[in-house]
Structures are given as C-alpha cells and as structure tokens.
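Trainee: Could we go through this model together, one region at a time? I'd like to start with the backbone and then move on.

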Amino acid sequence: MKTSALLLTVALLGACKDAPPPAAPVATPPAAARIETEALTYAAGELTMQGYMATPTSPGPHPGILVVHEWWGQNDYARRRARELAELGYVALAVDMFGDGQTATTPDEAKALTAAVYADPQAPTTRLAAARAALAADPRVDPARLAAVGYCFGGGVALAAARAGLELDAVLSFHGTLSTKTPMAPGVFGGRVFVATGDADPMVPAADVRALRAELDAAGVPVEIEVYPGATHAFTNPDATATGERFGLPVRYDAAADAASWQAMRAFLAATWPAA
C-alpha cells in the first residue's frame, strides 16, 4: 500500500464513530529515590543490637519505618525491604530483635531465637521500642512520623507493640501472627493498622482474621485487612518456596500477592502521611 493511501485509511478509521479511542498514555512510575545504607548499633537494655539503616539522600527529615524481620533474623530479605522503603522516600531501619545480629539458617535455630524473645512477655515490645528510639534520634528522621512494618514473626511483634501502646502512626503486618491473649484496649494505640495475609496460610486461619478485625473495631483503631486468595505463609519472600521445600514448611512465594500487598502498603502509608 502506498504511503498516501495508508494515511487516508488511518484518517477514515479515526473519523468513524465506532472506532476505538486511542490508548491513553502509560504513566511513567516515579524514579526510585537515591539512597545510602549503613550499619546502626543500638542498645536494648543490656543487649547490643545490630541494625541496618537505609536512607534517601534527598533533604529530610523523612518519615521513619522500622522493618521487623521474620523468625530467621535480620537477613538479606529484611535489609532488601529496608532499601525498597528508602527508595520510596522513607528512612527505614531493619531492626535486630535477637541481639548481636544473630540469624538462623534452620527452623530449629529460628525456634530457639524466637523462644528466647518470648521468654519475657515484655521483650518483643521493649526491644522494638529501643529500635524506635534509635530511629527517632536520627536527624534525618521526623520523629513525629514513625511506623513499623513486620514480616511473619515481625508482623506479630509489630501488632504486639501496638497492643502495648508503642507510639507509632501505623503498624503493618505481612503474613504475621494475629492472635493474642491480650487484646488491644480502647485508647491504648493512636495509630492505624494494616494487615496483609493469605487465605491459604495454615498459621493464620480465617478465624484469627475475623477476631483481629473485631478486636480493633472494639478498640476504635482503624484497620485495613487484605486477604490474598491462594497465598500461604511468607508469600512476600522470594526465597520462601525453596525454604519450604528444603525444610517441609508450609511456606511459598506468591508473586501476585507480593506485588498487590506492596502496592496496598504504599497507598496505606500515603494516606497515613499525606504530606510525606
């Protein structure tokens, strides 16, 4: 077809009322913020904690987010999440809940480390409070805008801190434990709660999801709960499938649920700090 004929055909199609409208331009996502990372040593009582800080290089102060690790400890996955949050414009501290930067490579090791934390019912919150103090003290952080994001074990820690009244604007739990023997009382927590969980997670049954919503409604705390069909425990961690197969654990990565929950988290944080 000659060029002139081709142009005429295109023009006629454009004039036809039944022709589909031109596709809307695809929005280009904002570029990730440039960041810097550093180790941060802080104290929790007599314990020395080894944190990992990721910070935007743009002028602050920025909202601060505590990243609370899975039962494996503050490993590469927790540090990657801290970097990703920093790229969104937050100062993120991947906390150390076990002391001395201890991590586990087997379920037995992880059980021993978490059992040592839970041996003192106050320890999860006091250790997270120490990390909060360290984060708030950084001059690049706005101490009036703080949140905690937890994964698995860390999600349970974040919710426990909210139930204990730790001063945070928001706590966010990804495939974390939801049940508790000490429900939140009205007036204790002044922030908001976000929960991302899978409907195929044997460790977080639907009854626990319903109980958490009822608990937070009774306490007057705003809550957003996202339940992802087919997602099981640890669905945000790309290493979960291999780990589950190696140790016979009911954990598996779910790329769709990971992406959807991350976008839901971004919207939740944007609503928490509209001017951030």
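Trainee: Okay, in which loop does proline 61 lie?

Mentor: Proline 61 lies in the loop between β2 (47-56) and β3 (62-68), where helices (H or I, at least four residues) and strands (E, at least two) are DSSP runs, numbered from the N terminus. This is a predicted model, in which local features need pLDDT of at least 70 and side-chain atom pairs count only at pLDDT 80 or more, while totals for chains, interfaces and linings use all residues. Residues are numbered from 1 along each chain as its sequence is written, and side-chain values use heavy atoms, with hydrogens and water left out.

Trainee: And what joins glycine 60 and proline 61?

Mentor: A cis peptide bond joins glycine 60 and proline 61, with omega at about 5°. Most peptide bonds are trans, and most residues other than glycine have a negative phi.

Trainee: Speaking of phi, what is the value for cysteine 152, and where is that residue found?

Mentor: Cysteine 152 has a positive phi, near 55°, without being a glycine, and it is found in the loop between β5 (141-151) and α5. Cysteine 152 counts as buried because its relative accessible area is 8%, given that buried means under 20% relative accessible area, exposed over 50%, and partly exposed in between (1.4 Å probe, protein chains only).

Trainee: What about alanine 234, buried or exposed?

Mentor: Alanine 234 is buried, at a relative accessible area of 5%. Its place is in the loop between β8 and α7, and although alanine 234 is not a glycine, its phi is positive at about 65°.

Trainee: Switching to pockets, how much space lies in the largest pocket?

Mentor: The largest pocket holds about 1,000 Å³ of space. On a 1 Å grid over the protein atoms alone, a pocket is an open set of points where a 1.4 Å probe fits, with protein on both sides within 12 Å along at least five of seven lines, and lining residues have an atom within 4 Å of a point. Of the 37 residues that line the largest pocket, the closest to its centre are Tyr118, Cys152, Phe153, Val157 and Thr177.

Trainee: Which element gives the largest share of that lining?

Mentor: The largest share, five residues, comes from α5. The elements that give two or more residues to this lining are α2 (76-87), α3 (107-118), α4 (123-136), α5 (153-163) and α7 (240-247).

Trainee: Now α6, which of its residues are buried?

Mentor: The buried residues of α6 are Asp208, Val209, Leu212, Glu215, Leu216 and Ala219. Seen down the axis of α6, these residues fall within an arc of 125°, so they line one face of the helix; the arc is that of the directions from the helix axis to the C-beta atoms. What covers them includes α5, β7 and β8 (223-228), whereas the face turned away from the buried side carries the exposed residues Arg210, Asp217 and Ala218.

Trainee: What comes just after α6?

Mentor: Just after α6, glycine 220 takes a positive phi of about 75°.

Trainee: Last one: where is alanine 200, and what is it in contact with?

Mentor: Alanine 200 is in the loop between β7 (192-198) and α6 (206-219). Leaving aside neighbours within four places in sequence, alanine 200 is in contact (heavy atoms within 4.5 Å) with Gly230, Ala231 and Thr232.

Conventions
Grid points are joined across faces, edges and corners, and a volume is the space filled by probe spheres set on the points.
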